[in-house]
Amino acid sequence: MQVSLRELNRIGAETLVLNETVELEGLEREVRQLVRFEPLRVQVAISRNDHRFHVKGELETTATVVCSKCLKRFDVPLHTEWEEWLTDHPAYAEETEEREVQLIESDPVDLTPYIREAMLFTLPFIPVCREDCKGLCPKCGVNRNEVTCTCDMERIDPRLAALQDWFNQHPEKD
């Protein structure tokens with residue numbers, strides 16, 4: 001998605017609104033749990049304030065991710081808003097506590113890196129298919145959401161195994 005700041009200055013518009021569909025290539029190879037995602041629906045509003053441009057964006061899509069507990073694929077809707085401040089004059093590039101104004105030296109400006117960053121921040125860090133996901137059995141590997149396994153999950157610290165043997169040989173009498 002590209003926008004020309006010079007064109008925005010030339011036409012004298014206070015706000016320019018763009019609606020586009022953006023495809024981000026290769027993101028699935030970078031994010032381990034991400035299987036695929038639909039093209040992003042992006043809306044960007046660019047307003048001019050002196051020589052600064054306030055870019056306010058909104059994106060939404062649906063992503064297919066892998067559950068971190070049971071390894072099942074599921075769809076998750078993603079929606080986020082983001083904003084950036086840009087300028088094409090070095091005198092107006094500044095960084096304050098409230099915002100950073102980035103100097104843009106080429107025109108048109110490619111907004112794809114900002115969209116990509118917003119998408120990455122929107123993806124769940126540890127995706128879970130549902131809140132009460134039971135995950136996989138560590139012994140037999142079945143999905144415990146679908147099958148109830150009978151694996152013995154009692155673990156004894158190997159350092160205390162001799163003590164367990166002693167209790168087995170000397171059962172307590174009532």
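User: How many bridges join strand β4 to β5?

Analyst: This is a predicted model, in which local features need pLDDT of at least 70, side-chain atom pairs count only at pLDDT 80 or more, and totals for chains, interfaces and linings use all residues. Residues are numbered from 1 along each chain as its sequence is written, and side-chain values use heavy atoms, with hydrogens and water left out. Strands are DSSP runs of E with at least two residues, numbered from the N terminus, and two of them pair if DSSP finds at least two bridges between them. Strand β4 (residues 40-49) runs antiparallel to β5, V42 has L59 as its bridge partner in β5, and the bridges joining β4 to β5 number 9.

User: Why is strand β5 described as largely enclosed by the rest of the structure?

Analyst: Buried means under 20% relative accessible area, with a 1.4 Å probe and protein chains only. Strand β5 (residues 52-66) is largely enclosed because its buried residues number 11 of the 15.

User: Which residues line the largest cavity?

Analyst: A cavity is a set of points on a 1 Å grid over the protein atoms alone where a 1.4 Å probe fits but cannot get out, and lining residues have an atom within 4 Å of a point. The lining of the largest cavity is V31, Q33, V65, L123 and P124.

Terms used. Buried < 20%, exposed > 50% of the residue type's maximum accessible area, 1.4 Å probe, protein only. Helix = DSSP H or I, 4+ residues; strand = E, 2+ residues; numbered from the N terminus. 1 Å grid on protein atoms, 1.4 Å probe; cavity = no way out; pocket = protein on both sides within 12 Å on 5 of 7 lines; lining within 4 Å.
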